[in-house]
Amino acid sequence: IGISADDAELEQASIVLEKTTDKYRRIDIVIYINNKIIPIEAKVWYYDREKQLSDYYNYLFKSKKETSNKIYYLTPDGHAPSPESLVNLKLNEDVICISFKEHIRNWVKKLKNDSNVDDEIKTILKYFEEVVDAMCKEYNELNSIYTALSLNDNQEYTTSDEIKLIIDCLKHKDELMDKILQQMLLKNIIADGYLLEKSADN
């Protein structure tokens with residue numbers, strides 16, 4: 001995300017998960033480094049709430065519109081937040097969109113190829129990369145379902161291909177729901193700070 005820091009600054013950095021605001025909202029990740037505040041709001045399975053990013057910005061930066069004051073909006077594909085969440089915030093200025101598919105995967109790949117990173121950390125990164133890949137794949141599948149289920153102005157399905165996709169989804173609805181629930185559980189586990197380890201049987 002273009003923020004640089006030396007080793008001394010990194011040693012003094014801190015990360016807060018689920019930081020509570022004055023309005024009892026919770027910001028997913030807030031990084032404090034070298035007098036900088038780097039908030040990250042991750043959205044995978046949930047929709048934006050009204051004034052969500054605007055409230056975060058006002059809480060963290062006290063409404064000061066400075067170029068260094070930004071909220072990073074992390075999603076599987078890098079899509080923009082809703083206007084209801086932004087309110088008066090400007091996209092690409094106050095709010096920067098980043099994605100698991102591009103930014104997080106490239107960051108993980110860079111670390112995996114770094115000779116200074118311990119092998120144990122690289123193993124964890126490998127598992128994390130697999131989780132990201134699976135999440136992005138399932139996110140794309142769900143988006144296809146939502147597209148197929150959406151109706152046009154005439155309240156009719158737009159193409160026969162979309163109808164076919166709906167039928168295929170219904171045939172595998174139990175499997176799809178299991179995947180959705182697994183990913184939701186995984187998100188909660190990661191948010192609670194637990195480290196997942198792959199079993200020897202897998």
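Guide: Start with strand β4. The strand is mostly covered, with five of its five residues buried. Buried means under 20% relative accessible area; exposed means over 50%, and partly exposed lies in between (1.4 Å probe, protein chains only). Strands (E, at least two residues) and helices (H or I, at least four) are DSSP runs, numbered from the N terminus. This is a predicted model: local features need pLDDT of at least 70 and side-chain atom pairs count only at pLDDT 80 or more, while totals for chains, interfaces and linings use all residues. Residues are numbered from 1 along each chain as its sequence is written, and side-chain values use heavy atoms, with hydrogens and water left out.

Ile71, Tyr73 and Thr75 point one way. Tyr72 and Leu74 point the other way. All of them are buried.

Next, its partners. β4 covers residues 71-75 and runs parallel to β5, joined by five bridges. Two strands pair if DSSP finds at least two bridges between them. Tyr72 has Ile96 of β5 as a bridge partner. Tyr73 is bridged to Cys97 in β5. β3 pairs with β4 too, in the parallel sense, over three bridges. There, Ile40 is partnered with Tyr72.

Step back to the sheet. Five strands make up an open sheet with mixed pairing, in the order β1-β2-β3-β4-β5. From one strand to the next, the twist averages 25°.

Helices pack on this sheet. α2 lies across β1, β2 (26-33), β3, β4 and β5, and runs at about 160° to β3. Axes are lines fitted to C-alpha atoms, for helices over the stretch in contact, and angles run from 0 to 180 degrees between N-to-C directions. Helix α4 (residues 100-112) also packs on the sheet, where it touches β4 and β5. The direction of α4 makes about 75° with that of β5.

Why is α2 described as largely enclosed? Nine of its ten residues are buried, so the rest of the structure largely encloses this helix. Among the buried ones are Gln52, Leu53, Tyr56 and Tyr57. Their cover includes β1, β2, β3, β4, α3 (83-86) and β5. Just past the end of α2, Lys62 takes a positive phi of about 55°.

Now follow Leu74 of β4 into a core. A nonpolar core is a set of buried Ala, Val, Leu, Ile, Met, Phe, Trp, Tyr and Cys residues joined through side-chain atoms within 4.5 Å. The largest such core has 17 residues, and Leu74, Phe100 and Ile104 touch the most other members. β3, β4, α4 and α5 (119-149) each give two or more residues to this core. α5 supplies the largest share, five residues. Beyond its neighbours within four places in sequence, Ile104 is in contact with Leu74, Ser99, Phe128 and Val132. Contact means heavy atoms within 4.5 Å. A second, separate core holds 14 residues, including Tyr56, Tyr57, Ile71 and Tyr73.

Lys43 sits in the loop between β3 (36-42) and α2 (52-61). Lys43 counts as buried because its relative accessibility is 7%. Neighbours within four places aside, Lys43 is in contact with Asp48, Gln52, Tyr73, Leu74, Thr75 and Pro76. The side chains of Lys43 and Gln52 are joined by a polar contact of 3.2 Å. A polar contact is a pair of N or O atoms within 3.5 Å; within protein, one must be able to donate a hydrogen and the other to accept it, and residues adjacent in sequence count only if both atoms are side-chain atoms.

Finish with the whole chain. The protein chain has seven helices and five strands. Along the sequence, the pattern is α-β-β-β-α-β-α-β-α-α-α-α. Of its 202 residues, 31% count as buried. Among contacts with a separation of 6 or more, 53% join residues 24 or more positions apart.
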